[in-house]
Structures are given as structure tokens and as C-alpha cells.
Amino acid sequence: MSTRSLFAPKVDIPRGAALALGAGSVGVLLGFWCLLTYGGFTPPDFLAAPDKVLAAGVKRIGDLSLFRHIGSSLTVILSGFLLASIPAVPLGILMGSFRAVQAAIEPITGFMRYIPVSALIPLLILWIGIGIEQKIMVIFLGTFFQQLILISDVSARVSKDLIDCAYTLGASRRQVVQRILFPACMPGVMDTLRVTMGWAWTYLVVAELVAADSGLGYMILNAMRGLFTDVILLGVFTIGVLGLITDFLFKLLRQRLLSWSADL
Amino acid sequence: MSLLALDHVTVRFKPKGKPEVTALDDVSLRVAHDTFAVIVGPSGCGKSTLLRLVAGLETPTSGSMALDGQPIAGPSADRGMVFQSYTLFPWLSVRENVMFGPKLKGLPKAECEDIADDLIRAVGLSGFERSFPKELSGGMRQRVALARALANDPRILLMDEPFGALDSQTRQLMQELLLEVWQARRKTVLFITHDIDEAIFLGDAVHVMTARPGRIKRSLSIDIPRPRDLDALTSPDFMRYKREVLHLMHDEAVLAATPRREAIRLAS
Ligand SMILES: Nc1ncnc2c1ncn2[C@@H]1O[C@H](COP(=O)(O)OP(=O)(O)O)[C@@H](O)[C@H]1O
Ligand SMILES: [Mg+2]
């Protein structure tokens, strides 16, 4: 028996094989889609054919309406994400390393992490209305508490020896926090931001559920009324591609800013 | 007068939901100026606790500690420490790591760099000033850690099994390097190990500790001439010391294993 086979666990495979497997699974999915639609197995208002989705895309790129939707979705996502990340990073780091901060915050995060964001939408509408603020708050609520928990975990895992070592070099408590704890957390923080950015995209449709007049989520919901499955799929693909791009940007940023970090 | 004096120091830990542990029991210890003191003992006997006390990272339950007559309270740049785990700051280059202490003291940048480059040369890492820790091997990282601890020109250098994670060839080289640096700079060193050869090769004095609770069982003064080289390791004097420490340690290992056996018998 060979333990270096394609079918052995935790064994690297050639780059070509990896690419082929990836392309293969995407190909199968696309083939299945073509078969269902061009083969006449599904009506167009159930599942649009690939060329219809493409045509819908070309039209909306031509009249720039797709970019308008992308722009307004990006505004919502980025605002909500920044609003969450800016306090969550320092608070999470302190929470993971200071028992007092943890004791104060943990009951709230522990409770909030299980509340579906959609359950809070009625309250949000009552409190802040149906403008863009409400949509931004949905993204904020969907990411903030998860970020706190993940980042506090990153901070809790920073080696105690690293901190003790700084003390023996003459650092004060404040210097230990600023010069050791915070930088030591950065790789984990970047990973958390990357993951939660992905989650922020998954909240988009929920955020644009109420009283939106633009945005990819709105485009999808609106298309549903007319059973325009081509536009729905176009919206889904656009969100997926934008998600991939932001993910890639985060990866690039981490490699650039944190090249000292061993675990890339 | 000795530089470091510990008198009747006892440390008890009370972990939540677990029985109290007496890590050190009535330990008294003297370390003379500019000497190399080694503490050797079985693992879990309280060696790290003892060193962390001197570093100011732990406080004694009772007893007193003084450096040059001044009571020890909290960590300070006077007492530099090299840890067993790799503790280089990974976001700083080798030079920046070594400069960490002097910079905290507020020395001008050029002076910090001079101090750092001097020490990096002393530990044989010239040319690696701009490298980052992730690019270095374990032995190289510990050399930088040594240089970094020395950069503060501490009054005592504390080393907690600093070569414990290295392979035996690298460890031997590191011991020779350490003696070389120590000989050149004349520092007081308190070094911890569970390796008997390492203890005798390095030390002017070797203190053998008992298993839990940790006490100093016997202190030997090692009269092997310096500078010591590889041949010292096989000299008759070395063998005599080694035999003595081996017996002391063996008794402790047996003792350390006994209560555990008892506990298993009681539990079943
Ligand atoms: N912070 C702590 N809390 C509870 N027990 C501890 C703590 N630090 C050390 N101990 C216990 O004290 C004993 C001595 O530990 P240590 O000094 O690390 O031994 P050594 O370095 O000789 O292996 C061990 O039984 C260990 O479990
Ligand atoms: Mg130890």
C-alpha cells in the first residue's frame, strides 16, 4: 500500500491535479446546469439558461445599473464592516487577555451570538427607520459579536512567555499591551477580518430585505417577484465574485503587512 | 557578599478546583558575584518557579529575596531572562529584537544599534541583523534571545533550560558559545537544566534540587579549570562530579515516581 497516493490523507498532490479537480467539479456543475436548461427539463421561470444569465449581465453592465447596485451594496457592507471592526479589534484583544474585560463583556456576546440578525430587523426599523442606517446596522450586528469572540480567542492564545519576556526586558504593563499583545494578535486579527468579511456578504440580502431601492440583494428580491431567474442568478454570481475579490484582497494585505508571520 | 540571596523561600500554588501544590519549600540559595550557578533537578521540581521568582514574575508565599541587598519586587531590566520556549518577537528583526531593552530605556537609536550589533557579533550572527525570527533555526533564535537579554547589561542573567529544545550537537555548541560570551563579559548567571552534563560543564556551583516539594538537596562547587572545552566532558574530575549528581538525581527520580504509584493504587 502506498501512503503517498492521491487517496491517502494529508498528502500533497501535484498542482496540475489540483487544478484539474477544481475545474472538473465546476465543469460538472455547469454541465448539469446546461443539461437541465437546454435539455428542456426545467422551465425558464424555474431556472434560467446560462446564455440568458449572461445576456442579463451584459444588459445591466451596458446601462450601468449593475454597477449602481454593486456600489450601493458595497457602501452598506463596507460601512457595516468598518463600524464593527474598528471597536471589535481593540475590545476583542483586551477581552481575551484581561479577565475583567472578559467578565464584563462575555455575558452579552455569549447571548448575542445566538440571536439571528433577521430577528432584530423589526426593532431596527422602529428605532432607526428604513434608511441606509438600518441596512448598515444589520451588517454591523451580524459581524460585530462574532468578531469579538474570535478576536478574544486570538488574544487569549498569545504566549504568556512572550509577555513575561517583555517584562524581564524592562517593559511596563502599558508597554506590554501596546508593543507585545497588540502586534502579536495581528495575524489572527487579519484572519478573523477576512472570515467575517465573508460572513458580511452573506447578510447582504437580509440587509436589503426592507425598503431598499438599490443593491444586489434588492435586485435579487425584486427579480423574484417577476420570476426573472436570470436576474436572480446574475445577482448571486455577482455577490460570489465580489466575495472572492474581497477575500483575495485580504489575503494580499496579510502577506504584505504581516510577512513576518510564520503561519501564512 | 553574594549578589543574589534567597532565604527560606516557599511558593504554594492554589489552582482553582485542584489541591494546593507546594512548588518550593523553604529554599535558601546564594549566588556569588560573577559566578555561574546552575540548578539541576527532575522535571516538575520547581526549577522554573524558582527562576521566575528571581525574575519577579512570581511572588513567594513566604521568605525573602534580595539582589545586592535590595529586595526583589516585580520584574526589572536588572534581571534578564532567556526562556526555554522561543520568545523572540516575531514582528521584529533580529536587530530590533536585541534593541528592544535599550530602546525601552530611552537610549538614542544609534547607541541601541551599536549595542545590538556588538552582541549579534558576539553570538556569531553577524549578517542576520535584518532577518526575522521565522527565518532562523532554533539554535539561532536562542542566540538572539541571549543577545537580547544581555543588551540590557543585567546584573544577573537568568536562563531557564534555554537549550532544552535543541538537538544535542547544537546544544553542545550553544554551551560553548555561552561560556565564551560569559567569560568575555563576566556576568552572574543563574542557569536551570535537568541535564547533568550541561550543569557540570557550565557551572561554578551546581545546586541539586529534590522532587516535589522542591528543596535544594545539595550544593556542589565544581572545580574544573576554565576555559572548559570538549575534553573537560571526559576528564576524571567531570566523571566524579557526574557520578555524584547522578546518584543524587536518581534518588529523586525514584522518590518522584513513588507517590504517583501510590495514587494509582489508592484509586483502583
Ligand atoms: N502557575 C501555576 N499554577 C499552579 N501550579 C503551578 C504553576 N506553576 C507551576 N506549578 C506547579 O509547580 C510545580 C513546579 O513547576 P515548575 O517550576 O514549572 O517545575 P520545573 O521547571 O522544575 O519542571 C509543578 O508541579 C507545577 O505543576
Ligand atoms: Mg521548567
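Because the model is predicted, local features need pLDDT of at least 70 and side-chain atom pairs count only at pLDDT 80 or more, while totals for chains, interfaces and linings use all residues. Residues are numbered from 1 along each chain as its sequence is written, chains are lettered from A in the order in which they are written, and side-chain values use heavy atoms, with hydrogens and water left out.

**Where chain A meets chain B**

- On chain A, 20 residues are in contact with 24 residues of chain B, where contact means heavy atoms within 4.5 Å.
- The two chains bury about 1,900 Å² between them, and 70% of this lies on carbon and sulfur atoms; buried area is the accessible area (1.4 Å probe) that two parts lose on being put together, summed over both.
- Within chain A, the residues that lose the most area to chain B are A:Thr168, A:Leu169 and A:Trp260, which together account for 39% of what that side buries.
- There is 1 salt bridge between the chains, formed by B:Arg52 and A:Asp164, whose closest N and O atoms are 2.9 Å apart; a salt bridge is a side-chain nitrogen of Lys or Arg within 4 Å of a carboxyl oxygen of Asp or Glu.
- Helix 7 (160-168) and helix 8 (173-202) of chain A are the elements that give two or more residues to the side touching chain B, and helix 7 of chain A gives the most, with 8 residues; helices (H or I, at least four residues) and strands (E, at least two) are DSSP runs, numbered from the N terminus.

- Strand 4 (residues 62-67) of chain B is joined to strand 5 of chain B by 2 bridges, and B:Ala66 stands opposite B:Pro71 in strand 5.

- Strand 3 (residues 36-40) and strand 8 (residues 188-193) of chain B pair in the parallel sense over 5 bridges, and B:Val40 has B:Thr193 as its bridge partner in strand 8.

Notes: Two strands pair if DSSP finds at least two bridges between them.
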